[in-house]
2 protein chains.
Amino acid sequence: MDWTDLQHFLALAREGTLSAAARSLNVDHVTVARRVAALEASLSLKLVDRRPRSYELTENGKRIAKIGAPMAETAFAVERAVQASKSGIGGEITISAPPSLANVLIAPKLIRLRQQHPGIRIKLIGEKRTASLNRREADLALRLSRPTEPGLIARKIGYFEFALYGSPDYLKRTPPHAFAFVAYDSSMDEAPQQRWLMRFAASREIVLRTSDLENQAAAARTGMGLAALPKFLGEADPQLERYDVGGRPVGREVWLVVHRDLRRTPTIRAVAGFIEDCLA
Amino acid sequence: MDWTDLQHFLALAREGTLSAAARSLNVDHVTVARRVAALEASLSLKLVDRRPRSYELTENGKRIAKIGAPMAETAFAVERAVQASKSGIGGEITISAPPSLANVLIAPKLIRLRQQHPGIRIKLIGEKRTASLNRREADLALRLSRPTEPGLIARKIGYFEFALYGSPDYLKRTPPHAFAFVAYDSSMDEAPQQRWLMRFAASREIVLRTSDLENQAAAARTGMGLAALPKFLGEADPQLERYDVGGRPVGREVWLVVHRDLRRTPTIRAVAGFIEDCLA
DNA sequence: ATCCTGATGTGAGAATTCGCACAAATGGAC
DNA sequence: GTCCATTTGTGCGAATTCTCACATCAGGAT
């Protein structure tokens with residue numbers, strides 16, 4: 001049995017589609033299709049039903065995928081062990097962080113890290129989707145809440161508050177009862193900052209909903225209304241003015257997350273220290 | 001990371017040499033060497049020291065091999081699950097048995113199994129070395145003592161006794177105090193039949209030591225001396241005559257061993273039943 | 001000493017595998 | 001309805017990988 005065939009099949013089982021599996025393996029979708037077909041042939045066992053627009057696992061396929069899944073876990077553990085085996089400071093480190101933190105607090109200061117440790121190459125992923133440290137999609141992650149996955153070590157390294165921001169002109173000419181608001185889309189309705197904004201807005205109008213915080217800031221700058229922005233974003237922007245509201249301000253904690261297997265690696269420690277400085 | 005590279009490296013770590021790893025993977029030794037080199041390159045980590053005629057794992061290599069070893073276990077579990085998923089009776093089944101049992105009791109009757117289940121292809125390994133059911137070197141095994149490996153199911157399906165045999169002519173012309181003996185080599189000194197023979201021989205001469213029971217029988221047939229042979233072997237041979245000794249006869253139990261995962265597979269059950277008939 | 005066995009290393013041709021470009025089909029947005 | 005994004009399928013040329021044959025070296029048996 002070819003282990004690479006099995007790897008491709010397990011990726012298909014995990015991701016659901018040929019294309020997604022291909023992306024996660026960094027290969028062409030045709031390759032995944034061929035590998036899965038080759039596995040079926042070598043095992044003389046049908047693992048997937050090829051439906052017009054989707055691959056669906058057969059019962060046997062599901063059973064095999066379930067039994068084989070630990071292989072992928074172990075493969076990732078091997079990769080972490082490799083990373084942990086490297087003594088010197090260097091290599092490529094992947095950091096996952098919410099886009100705003102990545103863009104505002106991390107990216108501008110990366111030059112300092114490169115100066116201090118020229119051997120380190122950083123891959124910074126600014127995505128809302130939380131990358132899996134277990135699957136080694138990232139080596140270090142910034143999260144806004146404490147993660148619960150097993151095997152991960154989390155440390156609270158920062159805290160930031162939100163405030164309402166609008167353009168100075170908008171705040172001057174608009175009475176509070178006529179305020180309009182800019183918010184996240186509904187997928188973020190459960191986030192504390194969104195709930196806080198919604199409660200304050202009450203019956204007043206939401207004129208824009210967007211998943212991107214930078215878009216919200218841009219809208220607020222042009223005078224569309226008020227947006228709930230992190231202070232580290234709003235205070236630094238001369239085109240935005242804070243509108244203070246009463247009550248307890250809402251804030252989020254920032255957690256630095258690393259896999260247990262990588263905690264003591266010199267390179268990881270160096271990068272983790274750098275990130276803590278960024279948030280200090 | 002290429003899983004096939006890792007597979008080849010783990011095989012090297014387990015088998016000790018490139019050539020042995022190549023044999024166990026059914027590839028050329030050059031392929032193993034290149035795969036291991038490729039893995040080292042992709043990980044940027046030295047895993048083996050290439051000594052003149054041997055590969056030796058580095059410390060990092062040992063650690064990686066240890067962490068990755070469960071992948072091989074899981075791969076074998078997948079193969080067993082595949083075998084167990086097959087509903088019909090058919091396919092290739094590998095049986096491991098001590099050479100004498102394989103040659104005398106199993107092989108001659110295989111024709112009956114083929115007649116009953118034409119879809120089954122049998123691979124019969126008559127080796128002293130006990131094949132690993134966990135590594136799927138065999139699907140079914142006959143052992144002379146109860147195995148202790150985890151995951152294996154063993155059933156006692158037979159018992160046979162040993163007796164001393166020599167050529168009729170030899171027994172006629174040789175007085176007991178002048179008997180010479182044929183025995184296993186020293187690697188078998190702990191086996192019950194060997195201890196029994198040695199105790200009986202006492203100070204009398206051992207004229208031949210060989211690891212092969214068939215060779216012992218051949219030597220006894222030509223009048224070299226007495227050999228301790230299973231009765232199922234000696235009684236059927238007109239060129240051998242039993243020499244009865246007092247005391248309790250020595251015997252060995254025969255255990256039929258199958259992996260837990262394969263116990264209920266139709267094909268395995270069919271072959272297991274056939275083997276029980278052979279031993280009955 | 002000589003032969004045999006089994007280990008790793010090297011080079012070249014054959015076989016395999018991969019990615020790309022393109023196609024077809026479906027569902028959602030507008 | 002059209003347009004766009006996403007998914008799977010096909011053919012072909014390029015790149016990679018494997019096997020084979022041969023070489024070298026060491027150890028053991030004769």
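How far does a polar side-chain atom of A:Arg23 lie from a phosphate oxygen of DNA strand D? The separation is 3.4 Å, which falls under the definition of a polar contact as a pair of N or O atoms within 3.5 Å. This is a predicted model, in which local features need pLDDT of at least 70 and side-chain atom pairs count only at pLDDT 80 or more, while totals for chains, interfaces and linings use all residues. Residues are numbered from 1 along each chain as its sequence is written, chains are lettered from A and ligands numbered from 1 in the order in which they are written, and side-chain values use heavy atoms, with hydrogens and water left out.

**Contacts with DNA strand D**
- Two or more residues each come from helix H2 (18-25), helix H3 (29-43) and strand S2 (54-57) of chain A, and from helix H3 (29-43) of chain B, where helices (H or I, at least four residues) and strands (E, at least two) are DSSP runs numbered from the N terminus.
- H3(B) gives the most to this surface, with four residues.

- Of the atoms of DNA strand D that come within 4 Å of the protein, sugar and phosphate account for 58%.

Terms used:
Near = heavy atom within 4 Å. Polar contact = N/O pair within 3.5 Å; in protein donor to acceptor, adjacent residues only side chain to side chain.
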